[in-house]
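Subject: Handover of a structure and a summary of findings

Dear colleague,

Please find below the structure that I am handing over to you.

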Amino acid sequence: IGKIEVDPLAITIIAGTDAKEYDGTPLTKDAWTLDPSTPLATGDAIDTVTVTGSITDPGNTPNVASDAVIVKGTEEVTGNYVITYVPGTLTVTPSKDPLVIKSNDCELTYNGTEQSCEDYTVTYDGDTVPECTTCDAGTGEHKYVVTPGDTITITDPATRRDVTDSVPNTFTVDIPEPDHFSKIDTVIGKIEVDPLAITIIAGTD
């Protein structure tokens, strides 16, 4: 009497691949495909596959498939297979939406002290980003939440005391992760200090 030996059937499961521009939220892809060159046995079906992978910042990471469950009707037959898993790739590229940080033009009147104009406009993809009123900002700091993962801070406003023609309304901006954005522009406005109007009245006698 001879023997019958049934070898496992080899199949390949490929995890999904996806890409997007950075937007501050994670990229995932819970998807997989069966390599068409390695079909299942007649009547069998893949019930579930676990796919794990996540990336938020620009770069790439593997998207990994594992733990497939194969059934024939209601019976699990996973043990009849040798499964090769091929990872996909998740890719995030820097945002192409323009980020513009601008100090606005200001006209001040001389008052004998150093004055600044802390008036800024931040836009992202053409939309105005409101100043964050709930952020933990120190004195002279202005914070703007551009994406869920990016809060920029503007500090060090230019100051002027004396009457002057237009001078740059300079500032410092801190962008913690500038590689998240491929287009960052700063626009410097101007400050003018106008003379203070006073009236001197001569004595009368």
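Leaving aside its neighbours within four places in sequence, which residues is Asp 162 in contact with? They are Tyr 110 and Val 193, where contact means heavy atoms within 4.5 Å.

Before the remaining findings, two notes on the basis of the work are in order. This is a predicted model, in which local features need pLDDT of at least 70 and side-chain atom pairs count only at pLDDT 80 or more, whereas totals for chains, interfaces and linings use all residues. Residues are numbered from 1 along each chain as its sequence is written, and side-chain values use heavy atoms, with hydrogens and water left out.

Asp 162 is found in the loop between strand 16 and strand 17 (164–169); strands (E, at least two residues) and helices (H or I, at least four residues) are DSSP runs, numbered from the N terminus. With a relative accessibility of 40%, Asp 162 counts as partly exposed. The classes used here are buried for under 20% relative accessible area, exposed for over 50%, and partly exposed in between (1.4 Å probe, protein chains only). The side chain of Asp 162 also makes a polar contact of 2.8 Å with the side chain of Arg 161. A polar contact is a pair of N or O atoms within 3.5 Å; within protein, one must be able to donate a hydrogen and the other to accept it, and residues adjacent in sequence count only if both atoms are side-chain atoms. Glu 114 is 48 residues away from Asp 162 in sequence, and their C-alpha atoms are 8.0 Å apart in space.

The protein as a whole

The secondary structure comprises zero helices and 20 strands. The radius of gyration is 32 Å, well over the 17 Å that the globule rule gives for 205 residues, so the protein is more spread out than a compact globule. That radius is taken over C-alpha atoms, and the globule rule is 2.2 Å times the number of residues to the power 0.38. Along the principal axes, the C-alpha atoms fill a box of roughly 140 × 25 × 20 Å.

Of the 205 residues, 30% count as buried. Among contacts with a separation of 6 or more, 60% are accounted for by residues 24 or more positions apart. The accessible surface comes to about 12,500 Å², and 50% of it belongs to carbon and sulfur atoms; the areas come from the Shrake-Rupley method with a 1.4 Å probe, and for residues only the protein chains shown count as cover.

There are 11 positive and 35 negative side chains, with the centres of the two sets 5 Å apart. Lys and Arg count as positive and Asp and Glu as negative, while His and the chain ends are not counted. Each charge is placed at NZ of Lys, CZ of Arg, CG of Asp or CD of Glu.

Ser 95 sits in the loop between strand 8 (88–93) and strand 9 (99–103). Its relative accessibility is 0%, so Ser 95 counts as buried. Its side chain makes a polar contact of 2.7 Å with the side chain of Tyr 124. Beyond its neighbours within four places in sequence, Ser 95 is in contact with several residues, including Glu 21, Tyr 22, His 180 and Lys 183.

Asp 44 belongs to the loop between strand 3 (32–34) and strand 4 (45–52), and counts as buried at 14% relative accessibility. The side chains of Asp 44 and Tyr 81 are joined by a polar contact of 2.6 Å.

Asp 125 lies in the loop between strand 12 (120–124) and strand 13 (127–128). Its phi is near 55°, a positive value in a residue other than glycine, and Asp 125 counts as partly exposed at 42% relative accessibility. Asp 156 is placed in the loop between strand 15 (150–155) and strand 16 (159–160), and phi of Asp 156 is near 55°.

Ala 202 lies in the segment after strand 20 (189–194) and is exposed, with a relative accessible area of 62%. The C-alpha atoms of Ala 202 and Thr 50, 152 residues apart along the chain, are separated by 91 Å.

Yours sincerely
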